[in-house]
Amino acid sequence: MKETTPNPREVRRRLGLNQQEFWSKIGVTQSGGSRYESGRNMPRPVRELLRVVHIEEVDLGKINREDYLILEYLKEMKPELYETLRLAATRDREPVHLQSAQLSAR
């Protein structure tokens, strides 16, 4: 199955970042990022970093290996607890107006 690579220029513009701000968050120079935005092939590690940091919005400075191990443990050994926590974390991060609309729909 072929992966769909998001257009980095579109992602950057949607986030309202200039090239320097956008690409420096994943360790790419502005000039390198400009080449990727112009269509040059992006290496898989760069594509994955772009996805994790800019699309999934993961702050890599806030996670470590222990966090990852805990996540993997919960998913494998305690799937019900994992799902409960995942739903709670997602719900708690939604804007208040969306939470109210969901509650009134029940």
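What is the relative accessible area of glutamate 48?

Author: The model is predicted, so local features need pLDDT of at least 70 and side-chain atom pairs count only at pLDDT 80 or more, while totals for chains, interfaces and linings use all residues. Residues are numbered from 1 along each chain as its sequence is written, and side-chain values use heavy atoms, with hydrogens and water left out.

Glutamate 48 has a relative accessible area of 25%, which makes it partly exposed (buried is under 20%, exposed over 50%, partly exposed in between; 1.4 Å probe, protein chains only). Its salt-bridge partner is arginine 51, with 2.9 Å between the closest N and O atoms; the term requires a side-chain nitrogen of Lys or Arg within 4 Å of a carboxyl oxygen of Asp or Glu. Both residues belong to helix 4, which covers residues 44-55, and they sit three residues apart, about one turn of the helix. Helices here are DSSP runs (H or I, at least four residues), numbered from the N terminus.

Arginine 51 is partly exposed as well, at 33% relative accessibility. Its side chain also meets that of glutamate 56 in a salt bridge, at 3.9 Å from N to O. Glutamate 56 is partly exposed, with a relative accessible area of 47%. Elsewhere, salt bridges with shared partners join Arg9, Arg12 and Glu37 into one network.

The structure holds five salt bridges. One of them pairs arginine 12 with glutamate 37, at 2.6 Å from N to O. This pair links distant parts of the chain, since arginine 12 lies in helix 1 (residues 8-15) and glutamate 37 in helix 3 (residues 30-37), 25 residues apart. Both ends are buried: arginine 12 has a relative accessible area of 10%, and glutamate 37 is at 6%.

In soluble globular proteins, nonpolar side chains tend to be buried together. Neighbours within four places in sequence aside, valine 53 is in contact with Lys25, Ile26, Val58 and Leu60, where contact means heavy atoms within 4.5 Å.

Glutamate 57 has a positive phi of about 60° although it is not a glycine. With a relative accessible area of 61%, glutamate 57 is exposed.

Definitions and conventions:
Helix = DSSP H or I, 4+ residues; strand = E, 2+ residues; numbered from the N terminus.
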